[in-house]
Amino acid sequence: MTLRFLTAGESHGERLTVILDGVPAGLTLREEDLVTDLRRRQGGHGRGGRMAIEHDVAHIVAGVRGGLTLGSPITLEIANRDWENWRQVMAVDAAEVKRKPITRVRPGHADLAGMLKYGADDARDVLERASARETAARVAAGGVAKLLLGQFGSTVRSYTRSIGAIEARVPASIDWEAVESSPVRSPDPKSGVAMVAAIDAAREHGDTLGGIFTVIAEGVPPGLGSYRQWDTRLDGLLAQAIVSIPACKAVAIGDGENAARQPGSQVHDVPVYDDGRLGHETNRAGGLTGGVTNGEPVVVHGFMKPISTLLKPLATIDLKTKQPARAHYERSDICVVPAAGVVGEAMVALVLAGALLEKFGGDSMSELRTNVGAYLQTVRR
Ligand SMILES: Cc1cc2nc3c(=O)[nH]c(=O)nc-3n(C[C@H](O)[C@H](O)[C@H](O)COP(=O)(O)O)c2cc1C
């Protein structure tokens, strides 16, 4: 893999760390470039109290000199401000740690499976890493991938397609500023109001909601990914990246779900020359055929289940007493679809940037620019 990343850090630990390896030398990278997406991930109507405590900033600790990447691994750190309140619970030192085991496992969360897997008797040891706090590190890494793609005119954006039963009426041309000013990142203000009301109602009932987000990458060069092998198909790589987002349970590429119900005549995109430029009449395939980008926008939808920590806890078992119980509750989000869209952007950007580097190589940005430019000139002919 040309571009890869690893994250570390517990939800209430001291900090999150991400190492991003494979970024060419010569990309302009400043801490402020990563701030907006981190803030966007923290937002959205339906987030819990934790996000009021955190003000995520990715501190660059390696891989950059004088504002330019060096080609060496980039290390970013995001402090957990809440750690101050959890120092004893999360203490590294055995003499300092305060344990109050959580044994009333939450249905739908990683508690039970993680305890069985790691032989833990305290769900705290599981949930701290299973928590989606980790996605802040992914968004920081994704911010670097977006900067790289941006050098070639590619953008990666997202909107909320649905929350619970409320579906947005997605306009043909999306007003991205309106999406960003909507409290639920809806592309349609009317549905946005209904989505906010649905989240408020869920909160009132002690319940939670899921929904669907859509990520659109525009200006992506054709020819990224390959049908050479199962694990080189870009649609497969994008699907894995999206479903790896906690609570994301399904993915669709382009009209994927709908295509399964339609005849071929209603699904396939007809290639056309428009003013001498090669394109397609429609983009139902979501920019990918044969696991290869075809020059159309890449469109990926992520389907989120409702959050599994409920204010009105679900029935469960207490692993200590082996008796029926009510699930553990700790401060939690009600709905995270708007934030998950931002995480989806990061994951899509990382996959696309990886595919770009795989096709065009380049240890430096200038080499990469030359290679991309030469290829685009050839395909445009
Ligand atoms: C941005 C984001 C925030 C989340 N916040 C919470 C939360 O506050 N409470 C919770 O129970 N789950 C939350 N989740 C989902 C859990 O992390 C997820 O359900 C859990 O790790 C189990 O994994 P699974 O649902 O993929 O099986 C969040 C997910 C995302 C993407």
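## Exercises: a sheet, a helix and a ligand shell

Strands β3 and β6 (residues 74–79) run antiparallel and are joined by four bridges. Helices (H or I, at least four residues) and strands (E, at least two) are DSSP runs, numbered from the N terminus. This is a predicted model: local features need pLDDT of at least 70, side-chain atom pairs count only at pLDDT 80 or more, and totals for chains, interfaces and linings use all residues. Residue numbers start from 1 along each chain as its sequence is written.

**Exercise 1.** Find the order of the strands in the open sheet.

*Solution.* Two strands pair if DSSP finds at least two bridges between them. Four strands line up as β1-β2-β6-β3, with antiparallel pairing. The edges are β1 (4–8) and β3 (58–62), each pairing on one side only.

**Exercise 2.** Check the span of helix α5 (residues 135–150), then its burial.

*Solution.* The expected span is 1.5 Å times one less than the number of residues. For the 16 residues of α5 that gives 22 Å, and the end C-alpha atoms are 22 Å apart, so the two agree. A residue is buried if 20 or more other C-beta atoms, placed from the backbone, lie within 10 Å of its own. In α5, 14 of the 16 residues are buried, so the helix is largely enclosed by the rest of the structure.

**Exercise 3.** Name the residues that come nearest to the ligand.

*Solution.* The ligand has 19 residues around it; Ala 132, Pro 246, Ala 247, Thr 309 and Asp 333 come nearest. Here, near puts the C-beta atom, placed from the backbone, within 6 Å. Helix α10 (residues 337–360) gives the most to this shell, with three residues.

Terms used: Buried ≥ 20, exposed ≤ 12 C-beta atoms within 10 Å, placed from the backbone.
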